[in-house]
Amino acid sequence: KQKYNICKGEKIMYVELKNINKSYNSYKASDNINFGIKKGKLVALLGPSGSGKSTILRMIAGLENPDDGHILIDKKIVNDIPASKRGIGFVFQNYALFRYMTVYDNIAFGLKIAKWKKNDIKKRVKELLELVNLEELGKRYPSELSGGQKQRVAFARALAPNPELLLLDEPFAAIDAKVRQELRNWLRKTIDKVGITSIFVTHDQEEAIEVADEIIVTNNGKVEQIGTPREIYGNPETPFTAEFMGQPIKVENINKFRGFHHLRNGLKAVVRPENVRILKNGEYFKYSVSIEEGIVEDILFRGKEVEIRVKIHGEVIKGLRRLEDFSIEKGEKVNVFIYSAYTYENNNKIIIVENDNVKSIDFVL
Ligand code: ADP
Ligand code: MG
């Protein structure tokens with residue numbers, strides 16, 4: 001049997017992927033994946049559809065085998081251990097509940113297979129129904145539940161046999177926006193309560209930011225960046241992450257903008273709307289000496305705020321204003337100030353550059 005020795009000084013990871021590759025025919029779904037997850041953490045795999053998130057999750061679960069590389073759980077290589085013996089709970093996007101079983105029987109299913117005693121099963125299912133706030137619904141069938149309730153049953157079923165690791169693949173993707181928001185908070189609290197190491201897949205950056213301790217950004221079968229939500233959002237390291245996070249707009253030449261003239265001509269950047277100030281003509285502003293004029297090209301109503309797109313130096317910059325302040329019209333001349341931009345360095349790195357006229361950082365996440 002293979003043995004894995006942890007080097008002295010190396011941080012101990014509960015789940016570890018080492019040089020994992022996986023191809024479907026000639027398509028590389030995982031391209032040399034490396035990361036580690038500490039015990040008790042809730043980690044998000046975040047990336048666009050097709051970037052290889054589910055493939056990673058399924059390999060950890062043992063539902064798929066890597067072509068090469070090692071997967072370690074609790075310091076043991078698990079490559080050859082079948083899914084059923086890995087001690088993992090799995091929650092799927094489509095619930096995958098047993099349609100002809102009640103909520104109670106769905107949750108009890110794995111325990112019966114594991115030959116738990118009848119009384120222990122009863123006790124455990126009761127515990128779980130309480131945990132997921134479905135005490136009253138044990139006798140219902142999946143068809144009699146809402147999407148959010150179904151997903152809580154799936155969650156309870158996954159947790160029933162006391163797994164050491166919980167994997168969730170886009171658990172809320174099929175649920176409507178309002179409930180999804182509530183479920184996120186619920187998931188975070190419940191996972192904290194149970195204290196289980198969890199990895200969840202999502203393509204929704206807000207979901208990852210709100211729920212995860214740490215985010216692993218995936219792109220094109222590769223790990224693009226790993227960090228806390230603050231790090232990933234505030235300090236994207238690569239063009240991909242900079243373009244993926246937030247609602248940025250890409251600028252072909254940031255050097256044309258006031259406060260950024262010191263940068264090299266032709267330097268590309270992304271600018272986030274929260275780092276842009278759009279002002280009506282004559283409106284008071286702290287840095288009014290360094291504003292510049294643009295023309296409003298488009299206005300989008302976004303509920304509590306409006307997004308204003310301004311044509312300036314042949315490029316489009318967007319910023320947000322509160323609805324109450326909204327008196328700007330299409331075609332109007334407005335003033336624009338860019339606080340900071342994420343610039344594209346030659347080595348495929350991103351660097352935040354502040355407007356030369358701002359001495360202190362105004363941008364607080
Ligand atoms: P994600 O979960 O990020 O959307 P996946 O891991 O499901 O991405 O898929 C990554 C890539 O691998 C996609 O291009 C997908 O079409 C391909 N892929 C995934 N599973 C299979 C499979 N069983 N057979 C062939 N191609 C697959
Ligand atoms: Mg997927």
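Helices (H or I, at least four residues) and strands (E, at least two) are DSSP runs numbered from the N terminus, and in these terms the chain has eight helices and 19 strands. This is a predicted model, in which local features need pLDDT of at least 70 and side-chain atom pairs count only at pLDDT 80 or more, whereas totals for chains, interfaces and linings use all residues. Residues are numbered from 1 along each chain as its sequence is written, chains are lettered from A and ligands numbered from 1 in the order in which they are written, and side-chain values use heavy atoms, with hydrogens and water left out.

**The whole chain**

Of the 365 residues in the chain, 49% are buried, where buried means under 20% relative accessible area, exposed means over 50% and partly exposed lies in between (1.4 Å probe, protein chains only). If contact is taken as heavy atoms within 4.5 Å, then 63% of the contacts between residues at least 6 apart in sequence join residues at least 24 apart.

Select helix α2, residues 103–113, and colour V103, N106, I107, A108 and L111, which are buried. The cover over these buried residues includes α3 (118–131) and α4.

Two packed helices are described by the angle between their axes and the distance between the axes. Axes here are lines fitted to C-alpha atoms, for helices over the stretch in contact, and angles run from 0 to 180 degrees between N-to-C directions. For α2 and α4 the angle is about 25° and the axes are 7 Å apart. The two helices are therefore roughly parallel to each other, given that angles under 35 degrees count as roughly parallel, over 145 as roughly antiparallel, 65 to 115 as roughly perpendicular and the rest as oblique. The contact is made by V103, N106 and I107 of α2 together with V153, A156 and R157 of α4. These residues divide into four nonpolar, one polar and one charged, with Ala, Val, Leu, Ile, Met, Phe, Trp, Tyr, Cys and Pro counted as nonpolar, Asp, Glu, Lys and Arg as charged, and the others, Gly among them, as polar.

Next, keep α4 (residues 147–159) and bring in α5 (residues 177–194), whose axes come within 11 Å and cross at roughly 20°. That angle makes α4 roughly parallel to α5. From α4, the contact takes in G148, R152, F155 and L159, and from α5 it takes in V179, L183, W186, L187, T190, I191 and V194. By class, the residues of this contact of α4 with α5 are eight nonpolar, two polar and one charged.

**Two asparagines in strands**

Move to N219, which lies in strand β9 (residues 214–219) and is buried, with a relative accessible area of 18%. Show its side chain together with that of E224, because the two are joined by a polar contact of 3.1 Å, a polar contact being a pair of N or O atoms within 3.5 Å of which, within protein, one must be able to donate a hydrogen and the other to accept it, residues adjacent in sequence counting only if both atoms are side-chain atoms. Leaving aside neighbours within four places in sequence, N219 is in contact with S51, E224 and F240.

Then select N335 in strand β17 (residues 333–338), which counts as buried at 9% relative accessibility. Not counting residues up to four places away in sequence, N335 touches R277, I278, L279, K280, N281, G282, I291, E292 and E293.

**Two loop positions**

Centre the view on E345, in the loop between β18 (340–344) and β19 (350–354), a residue that counts as partly exposed at 26% relative accessibility. Its side chain and that of T343 are joined by a polar contact of 2.9 Å. Not counting residues up to four places away in sequence, E345 touches L267 and I351. From E345 to K268 is 8.3 Å, C-alpha to C-alpha, although they are 77 residues apart in sequence.

Finish at G331, found in the loop between β16 (315–322) and β17. Leaving aside neighbours within four places in sequence, G331 is in contact with I295 and V296. The C-alpha atoms of G331 and G69, 262 residues apart along the chain, are separated by 57 Å.
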